[in-house]
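This briefing is meant to be read beside the sequence and the 3D view. Please look at both before going through the points below.

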Amino acid sequence: MQPKRALPKVMWWLGYGGLVPFFVLSVVLLLGSDVPLLEGVRLDWWLAAYAAIILSFLGAVHWGAALGMQDALSERELGKLLLYSVVPSVLAWFALLLPANITLLVMASLVIGAYVVDRLLLFPKLDSNYANLRLHLTVVVSLLLIAAATA
């Protein structure tokens, strides 16, 4: 088995950079403090909305993979990737209809679920170490969302 190709450094930087809103909003919620100029703003909903956007992005990765590999995939494999590509955003949208603390827990579950689905459908088709990046990001994001839900 050949080793996986290293991801470009920019992917790692962007991936970890995407953790900043999760971290900042979760810490502020855990501390129960206000952010200057944002007093009274529902930061729990900001965090939930950001999680929903990230989940949409995670689904879109499947759409992009399907486009990039369409000639190498069977119709069934292509259909699975395309069908799943819309699932995270739809489920995240429904989760936004719940109370904020429940929404954050559901978002954490969806982030973990997205990783599991990627492990089954996507990672085996890639020759890069994208799975490593996703594992790091999934662990941090899900822990931060769970922590914020308890705030």
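In sorting residues by class, Ala, Val, Leu, Ile, Met, Phe, Trp, Tyr, Cys and Pro count as nonpolar, Asp, Glu, Lys and Arg as charged, and the others, Gly among them, as polar. The model is predicted, so local features need pLDDT of at least 70 and side-chain atom pairs count only at pLDDT 80 or more, while totals for chains, interfaces and linings use all residues. Residues are numbered from 1 along each chain as its sequence is written, and side-chain values use heavy atoms, with hydrogens and water left out.

**Overall build**
- The protein has seven helices and zero strands, where helices (H or I, at least four residues) and strands (E, at least two) are DSSP runs numbered from the N terminus.
- Taken along the principal axes, the C-alpha atoms of the protein fill a box of roughly 50 × 30 × 20 Å.

**The largest pocket**
- A pocket is an open set of points on a 1 Å grid over the protein atoms alone, where a 1.4 Å probe fits, with protein on both sides within 12 Å along at least five of seven lines; lining residues have an atom within 4 Å of a point.
- The lining of the largest pocket consists of 25 residues, of which F57, Y130, L133, R134 and L137 lie nearest its centre.
- Two or more residues of this lining come from each of α1 (9-17), α2 (19-31), α3 and α7 (130-150).
- By class, the lining of the largest pocket has 18 nonpolar, four polar and three charged residues.

**Helices α3 and α5**
- Helix α3 (residues 43-69) packs against helix α5 (residues 87-95) at an angle of about 160 degrees, with their axes 7 Å apart; axes are lines fitted to C-alpha atoms, for helices over the stretch in contact, and angles run from 0 to 180 degrees between N-to-C directions.
- The angle makes α3 roughly antiparallel to α5, since angles over 145 degrees count as roughly antiparallel, under 35 as roughly parallel, 65 to 115 as roughly perpendicular and the rest as oblique.
- A52, L55, S56 and G59 of α3 make the contact with P88, S89 and A92 of α5, where contact means heavy atoms within 4.5 Å.
- This contact of α3 with α5 has four nonpolar, three polar and no charged residues.

**Helices α2 and α7**
- The axes of α2 and α7 lie 9 Å apart, and the two helices pack at an angle of about 25 degrees.
- That angle makes α2 roughly parallel to α7.
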